[in-house]
Amino acid sequence: MTAYVSNESPGRQNVTRKPFGIRQLRAARAKGEQLTMLTCYDASFAAVSCEAGVDMLLVGDSLGMVVQGHTSTLPVSLEDIRYHTACVARAAPSSMIIADMPFASYQVSPEQAFQNAAVLMQAGAQMVKLEGGAWLAPTVAFLTQRGIPVCAHLGLTPQSVHTLGGYMVQGRGAAGDALISDAKQLEQAGAEIVLVELIPSPLAARLTASLTAPTIGIGAGPDVTGQVLVVYDILNVTPGRKARFVKNYLALTGDIQAAISLFVSEVKSGAYPGPEHGFES
């Protein structure tokens, strides 16, 4: 079946917003502005998200679960991420494109990480995301010194789900101090963003206060400098029980473009997340 659409690139229709990049990211952090990020895997959702003013689009390895039907992110390959990164980058000229480094693509050595990150950058990524703590600092430094910006990912790190024992809140008790220490070392190594997943809201507030880099949260409460959600989640497409921090924006608007625009508006204003979307220590 043919999709009857304009031959014009979907991401380049009515886009007048200046491209969001490293300079804009740093400026927003300095001004205390809230940042928006959505995971995105294809050109159509990328175009709609870009039009709605989403600052950053993350080509996440969560595609293994929501697109490919796996039970974890572990089966996702570098080629999978490369393909989806290229799809998203073609359609979103004004949003920063961040690509996940999939499992086993960066853990061996900084040289391995650089070789694989270069593939994603050549596909259209403007930054790559790595899961892990201070042990990754040498790799972060190696990449940033060679022109590859890095987003660090702490807290619940899905690629380590078997080590963590499942998808559960991280950073409670003494583990919170260790997480902040890891974040500081990763920032010192050159990480431009620290993304934290499923950690107590008070810990996220402490973390944000201890860093100059932006903190992007998912299930981390309101006291971070930005929020990320899976686009399929805010549209209530993902099957099964929804995580506590997910908000169904499609139910509030009845329209995909309006739903994504409302997500952007609520994050920028501080209306999302509310207390019901976070976790206590």
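Where helix α6 meets helix α8, A137, V140, A141 and T144 in α6 touch Q185, L186 and A189 in α8, with contact meaning heavy atoms within 4.5 Å. This is a predicted model, where local features need pLDDT of at least 70, side-chain atom pairs count only at pLDDT 80 or more, and totals for chains, interfaces and linings use all residues. Residues are numbered from 1 along each chain as its sequence is written, and side-chain values use heavy atoms, leaving out hydrogens and water.

- The contact of α6 with α8 has 5 nonpolar, 2 polar and no charged residues (Ala, Val, Leu, Ile, Met, Phe, Trp, Tyr, Cys and Pro count as nonpolar, Asp, Glu, Lys and Arg as charged, and the others, Gly among them, as polar).
- Helix α6 covers residues 137–145 and helix α8 residues 174–189, and they pack at about 25 degrees with axes 8 Å apart.
- That angle makes α6 roughly parallel to α8 (angles under 35 degrees count as such).

**The largest pocket**

- The volume of the largest pocket is about 910 Å³ (a pocket is an open set of points on a 1 Å grid where a 1.4 Å probe fits, with protein on both sides within 12 Å along at least five of seven lines; lining residues have an atom within 4 Å of a point).
- M65, E197, D233, A243 and F245 are the closest to its centre of the 34 lining residues.
- Its lining has 18 nonpolar, 7 polar and 9 charged residues.

**The second largest pocket**

- The second largest pocket holds about 280 Å³ of space.
- Of its 19 lining residues, G132, G133, L154, G155 and T157 are the closest to the centre.
- Helix α8 gives the most to this lining, with 4 residues.

Definitions and conventions. Axes are lines fitted to C-alpha atoms, for helices over the stretch in contact, and angles run from 0 to 180 degrees between N-to-C directions. Helices (H or I, at least four residues) and strands (E, at least two) are DSSP runs, numbered from the N terminus. Angles under 35 degrees count as roughly parallel, over 145 as roughly antiparallel, 65 to 115 as roughly perpendicular and the rest as oblique. Grid points are joined across faces, edges and corners, and a volume is the space filled by probe spheres set on the points.
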